[in-house]
Amino acid sequence: MRAAPAFKTLDLRAAASVEFILRLICNVSSVVTQHPDVLGGEPVFAGTRVPAKSLFDHLEAGDSIEQFLEGFPSVKREQVIALLEESRAHVLAAR
């Protein structure tokens, strides 16, 4: 009899970094995409070349969503809100 796959018992809380969450979201989201020819495969906001991680960097630095959007006009507010909601859902699911 085969043992259950190890990933079923993996505790994701320790691995819940921004980069990890963004790579997970790329697999199920239309908000963030990833392609090897765009910024070396870094997750970006769909339809842009804006790294999704830059949103979290700006928020961590104390910038508002509005300030982020002013700096990256190709990103839509709806994309930012959707990314934050999807990220929250993944972090809470890992608990």
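A residue is taken as buried when its relative accessible area is under 20%. By this cut-off Ser87 is buried in the predicted model, because its relative accessible area is 8%. Ser87 belongs to helix α4, which covers residues 77-93. The side chain of Ser87 makes a contact with the backbone oxygen of Leu83, at 2.8 Å.

The protein as a whole contains four helices and two strands. Along the sequence these elements follow the order α-β-β-α-α-α. Of the 95 residues in the protein, 28% are buried. The accessible surface amounts to about 6400 Å², and carbon and sulfur atoms account for 56% of that surface. Among contacts between residues at least 6 apart in sequence, 41% join residues at least 24 apart.

When residues up to four places away in sequence are left out, Val80 touches Phe45, Leu55, Ile65, Phe68, Leu69 and Val75.

Two aromatic pairs are present in the structure. In one of them, Phe45 and Phe68 are tilted, with 6.0 Å centre to centre and 45° between the planes. Phe45 is located in strand β2 (residues 44-45) and Phe68 in helix α3, so this pair ties together parts that lie 23 residues apart in sequence. Phe45 has a relative accessible area of 0% and is therefore buried. Phe68 likewise counts as buried, because its relative accessibility is 0%. The other pair, formed by Phe68 and Phe72, is also tilted, at 4.8 Å centre to centre and with 35° between the planes. Phe72 has a relative accessible area of 23% and is therefore partly exposed. Through these ring pairs, Phe45, Phe68 and Phe72 are linked into a cluster.

How values were computed: Residues are numbered from 1 along each chain as its sequence is written. This is a predicted model: local features need pLDDT of at least 70, side-chain atom pairs count only at pLDDT 80 or more; totals for chains, interfaces and linings use all residues. Side-chain values use heavy atoms; hydrogens and water are left out. Buried means under 20% relative accessible area, exposed over 50%, partly exposed in between (1.4 Å probe, protein chains only). A polar contact is a pair of N or O atoms within 3.5 Å; within protein, one must be able to donate a hydrogen and the other to accept it, and residues adjacent in sequence count only if both atoms are side-chain atoms. Contact means heavy atoms within 4.5 Å. Accessible areas come from the Shrake-Rupley method with a 1.4 Å probe; for residues, only the protein chains shown count as cover. Rings of Phe, Tyr and Trp (its six-membered ring) pair if their centres lie within 6.5 Å; planes under 30 degrees apart count as stacked, over 60 as edge-to-face and the rest as tilted.
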